[in-house]
Amino acid sequence: MSTTHTPRIFSGIQPSGGLTLGNYLGALKRFAELQGTGPQTVYCVVDLHAITVWQDPETLRAQTRAAAAAFMAAGVDPAQSILFNQSQVPAHAELAWLFNTVARVGWMYRMTQFKDKAGKNSENSSLGLLAYPSLMAADILAYHATAVPVGEDQKQHLELTRDIAAKFNHDYGVDFFPITEPLIEGTATRVMSLRDGTKKMSKSDPSDASRINLTDDADAIAQKIRKARTDAEPLPGSIEALKDRPEARNLVNIYAALAGETPDAVLARFEGQGFGAFKPALAELAVDALAPITARMNEYSADPAEIDRILGEGADRAEAIARPIVEETKAIMGMVRSR
Ligand code: AMP
Ligand code: TRP
C-alpha cells in the first residue's frame, strides 16, 4: 500500500546573478500564486547550488539577499511561506550525500544542464556541478515535497528526483519518499532570449540586452523590447502560425503571461499588425507589471538586516521539517543513531 504524503510545495532559485523576467514568469510569479491554495509552500534561495560554478563571496552574499528581496517583491510572503537560504539548513547537504550513494554517475552525465554548463572542458568542472541534481533532489525530498513549480528547463532534473526517490524506496524496501510532481504551467514556462529566440533567457548570458532584469528601470525595459530581435512579417491570428518564428512567438508569449491572457487572445487583437505596433504595447505592459516589483525589491534591499532576519527565521522553520526526515533516512539506511 502506498503512503499518501501531505501535499507540500517546494522550489528554489540560484543566487548566481540578478533575477530575470524568465525567473519571474517561469517561477516567482507562480510561487506567489500557489500560496494559500492549500499545501504548505517552502521557497529557497539555493546558494549551495550557486557555488557549483565560481562565485565571488561578497557578490554571492549580495545576490542571495537580492534574490530574497525579489521573492518577497514578487509576492512571496514570509508569513504564508517558508523563505530561507539553503546553506543555513544543513539537512540539504546531508541528504545530498546520502543520495550521492543512491544516484548513478551515468544519470548525472546525461543531464543537459551539466553538459551546457560544463561545456567542452567538462573534466575541469567542479565535482559539485556534476552532483548538482543530487542536491536538488535532497532540497525537494528533505521536505517530502509533493509538487515543485519550475520552468521547463528543470523538467529533466525533476525526473531525476523521481528516479532517486523511487530507487531509494525500492533499494531499502520502504515507501518513504514521495514521487514528486513537476508543476510546469502557463504560457511562460520557457522565456527566450531577446537576442536569439532559440536560447533561454538567462541571468548568465553575457549580453545584458538578451534579458530583462528585475532591477531594470522603465527606460531600460522599453529600450530592450524595442531592440529585441524580430522579423518583418505582420502578426498572424494564432500562436500555431508562429511556430517557425521563435522571436515573434516569444514576445507574444511574454505578453500573454504578463496580461494573464492566452497567446491566441493576444493575437486576436494584434492580427495583421507589425512589431512597430506590438513592441510599444508590450513595453508598456512590461513596465506596468515590473515597476512595482522593482520598487518593492529596492525597499526590501534597503534593509539587509531585516532580510537576514527573515531568512534566519525561515531556516529555523525549514530545519524543523527537514531534520526529522533526514534522521529517518539515516535510520532506514542503517546508521547508528545514539544521541
Ligand atoms: P535558475 O535561475 O536557473 O536558478 O532558475 C530558477 C527558476 O526559474 C527555475 O524554476 C527555472 O526553470 C526558472 N527559469 C529560469 N529561466 C527561465 C526562463 N527563461 N523561462 C522560464 N523559466 C525560467
Ligand atoms: N536547479 C534549479 C535551477 O537552476 C534550482 C533549484 C535547486 C531548484 N533546487 C531546487 C528548483 C529544488 C526546484 C526545486 O533552476
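A polar side-chain atom of Asp139 is placed 2.7 Å from a nitrogen atom of ligand 2, a polar contact being a pair of N or O atoms within 3.5 Å. The model is predicted, with local features requiring pLDDT of at least 70 and side-chain atom pairs pLDDT 80 or more, whereas totals for chains, interfaces and linings use all residues. Residues are numbered from 1 along each chain as its sequence is written, ligands are numbered from 1 in the order in which they are written, and side-chain values use heavy atoms, without hydrogens or water.

Nitrogen atoms of ligand 2 also lie 2.6 Å from a side-chain N or O atom of Tyr132 and 3.0 Å from one of Gln154. The protein buries 91% of the 360 Å² that ligand 2 exposes when taken alone (Shrake-Rupley method, 1.4 Å probe). The shell around ligand 2 comprises seven nonpolar, five polar and one charged residues; helix 7 (127-141) and strand 1 (8-13) each give two or more of them, and the largest share, four residues, is from helix 7.

Ligand 2 takes up space in the largest pocket, which holds about 1100 Å³. Among the 42 lining residues, Gln14, Gln113, Asp153, Gln154 and Lys200 are the closest to the centre of this pocket. Helix 1 (21-34) makes the largest contribution to the lining, five residues.

The second largest pocket contains about 370 Å³. Its 19 lining residues include Asn100, Leu127, Leu130, Ala131 and Ser134, the closest to its centre. Helix 7 gives the most to this lining, with seven residues, and the lining divides into 14 nonpolar, four polar and one charged.

Definitions and conventions. A polar contact is a pair of N or O atoms within 3.5 Å; within protein, one must be able to donate a hydrogen and the other to accept it, and residues adjacent in sequence count only if both atoms are side-chain atoms. On a 1 Å grid over the protein atoms alone, a cavity is a set of points where a 1.4 Å probe fits but cannot get out, and a pocket is an open set with protein on both sides within 12 Å along at least five of seven lines; lining residues have an atom within 4 Å of a point. A molecule sits in a cavity or pocket if more than half of its atoms lie within 2 Å of its grid points. Ala, Val, Leu, Ile, Met, Phe, Trp, Tyr, Cys and Pro count as nonpolar, Asp, Glu, Lys and Arg as charged, and the others, Gly among them, as polar. Grid points are joined across faces, edges and corners, and a volume is the space filled by probe spheres set on the points.
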